[in-house]
Amino acid sequence: MAIECKIIPEQDVVSYCIDKYQNGYTKGLTTGIKKLDPHYTFRKGELTIMTGFANIGKTTTQLFLMMMASKLYNWKWLMYCPENEPVGDLMIDIAEMYCGKTADKDYSDRINTSEFLEAIFWAYEHFTVLVFNETPTVENVLEVCSACLKDNKYDGISIDPLNDLKATSNKNKYDYYYDALSNIRRFIKKHNVLFYLVVHPGTAANRLRNDDGSRPAPNMSDVEYGAMFGNRADNFIVFHRNPQSDKWNVTEIHVQKVKFQKLVGVPTPQPDPVCLFYSYKKRRFGYLNENGTLIDPIQETVKKTPTNAIF
């Protein structure tokens, strides 16, 4: 099939430029995490690729960001996350984060029944999880997402991880990933959603150690075919944690690429990531403000919800 090409008429280009001059661009919305906002904000129509080592809390951190968008702007999400089935367990994790308490029956201060049910219904309303009877391809997931978007409004999509999806048998891995990213970008452009895509770093990066024995955070280049993923992403974020250290509850957010820096934020300096502090009791993250006080962003959304959300 021949590929069509066209030159955009001068009047169309001029009209576009005048519109942006008069009305401005759609800028990213606050994450509700003041330390993160200078580096990353929520902006629809973008592909954000995320990575991090196994068992450091990538999904939990991603869910936290997604929940902040849902709490602040009532965003709804479509998710494909086969590593986090059954779906009920994921809903309980979201409900615990929503309430700031555990649901574990062995704890006396756990969520009460009415709080638990309210949180579960809220989680199910805002997070729709796709379950397939066999491993799908990227195209399978995007087709189902497109069908869901015809009948319902969703603001964001999450595939966690890309590595779980089935590759087309007649393609080598490079071509498969390249086509997958191209299809995802076309999907984003068509539907104007925020798209989170989780990929795993390679084995070599997992073997590296700092002088103190801790494991350094991976980089874009540590992902298999990292240059391709880095080039195709609008934003590239690394989640990192050292579970065996005395800072086991500190999750570092390294924002390594931001394409539209005037609209979304600027990358974090290499030695200075944004740090979130996880409370196992509250099942939530917090951050330190300029005075050194630990702030609970989810609790802050209860006090005040921004009124300048753009949908």
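Tutor: Helices, of at least four residues, and strands, of at least two, are DSSP runs numbered from the N terminus. The model discussed here is predicted.

Student: What is the phi of asparagine 192?
Tutor: Asparagine 192 is a residue other than glycine, yet its phi is positive. Its relative accessible area of 45% makes it partly exposed. Its phi is near 55 degrees.

Student: Is asparagine 55 buried or exposed?
Tutor: Asparagine 55 also has a positive phi, of about 60 degrees, although it is not a glycine. It is found in the loop between strand S1 and helix H2 (58-73). Exposed means over 50% relative accessible area. Because its relative accessibility is 72%, asparagine 55 counts as exposed.

Student: What span does H6 reach from its first C-alpha to its last?
Tutor: H6 has 19 residues. At 1.5 Å a residue, 27 Å is expected, and the span in the model is close to that. From first C-alpha to last, H6 reaches 27 Å.

Student: Which backbone nitrogen does a side-chain oxygen of asparagine 172 reach at the start of H6?
Tutor: Asparagine 172 stands at the start of H6, and its side-chain oxygen comes to within 3.2 Å of a backbone nitrogen. That nitrogen belongs to tyrosine 174.

Student: Is glutamate 46 buried or exposed?
Tutor: Glutamate 46 lies in the loop between helix H1 (10-23) and S1 (47-51). Among the residues it touches are Ile188, Phe195, Asp234 and Phe260. Because its relative accessible area is 1%, glutamate 46 is buried.

Student: Which side chain makes a polar contact of 2.9 Å with that of glutamate 46?
Tutor: The side chain of glutamate 46 makes a polar contact with that of arginine 43, at 2.8 Å. The contact of 2.9 Å is with the side chain of asparagine 235.

Student: With which side chain does asparagine 235 make a polar contact of 3.0 Å?
Tutor: Asparagine 235 is found in strand S6 (residues 235-240). It counts as buried because its relative accessibility is 1%. Its contacts include Tyr40, Leu47, Ile49 and Val258. The polar contact of 3.0 Å is with the side chain of threonine 48.

Student: How far apart are the axes of H3 and H4?
Tutor: Two packed helices are described by the angle between their axes and the distance between the axes. Helix H3 (residues 87-99) and helix H4 (residues 113-126) pack at about 115 degrees, in a right-handed crossing. The distance between their axes is 8 Å.

Student: How many nonpolar residues are in the contact of H3 with H4?
Tutor: Residues that meet include Met91, Ile94 and Tyr98 in H3, and Phe116, Ala119 and Trp122 in H4. By class, this contact has no polar residues and two charged ones, and its nonpolar residues number twelve.

Student: What is omega for the peptide bond from aspartate 160 to proline 161?
Tutor: Proline 161 is placed in the loop between S4 and H6. The bond from aspartate 160 is cis, with omega near 0 degrees.

Definitions and conventions. Residues are numbered from 1 along each chain as its sequence is written. This is a predicted model: local features need pLDDT of at least 70, side-chain atom pairs count only at pLDDT 80 or more; totals for chains, interfaces and linings use all residues. Side-chain values use heavy atoms; hydrogens and water are left out. Buried means under 20% relative accessible area, exposed over 50%, partly exposed in between (1.4 Å probe, protein chains only). A polar contact is a pair of N or O atoms within 3.5 Å; within protein, one must be able to donate a hydrogen and the other to accept it, and residues adjacent in sequence count only if both atoms are side-chain atoms. Contact means heavy atoms within 4.5 Å. The expected span of a helix is 1.5 Å times one less than its number of residues. Axes are lines fitted to C-alpha atoms, for helices over the stretch in contact, and angles run from 0 to 180 degrees between N-to-C directions. A crossing is left-handed if the near helix is turned anticlockwise from the far one by less than a right angle, and right-handed if clockwise. Ala, Val, Leu, Ile, Met, Phe, Trp, Tyr, Cys and Pro count as nonpolar, Asp, Glu, Lys and Arg as charged, and the others, Gly among them, as polar. Lists of a residue's contacts leave out its neighbours within four places in sequence.
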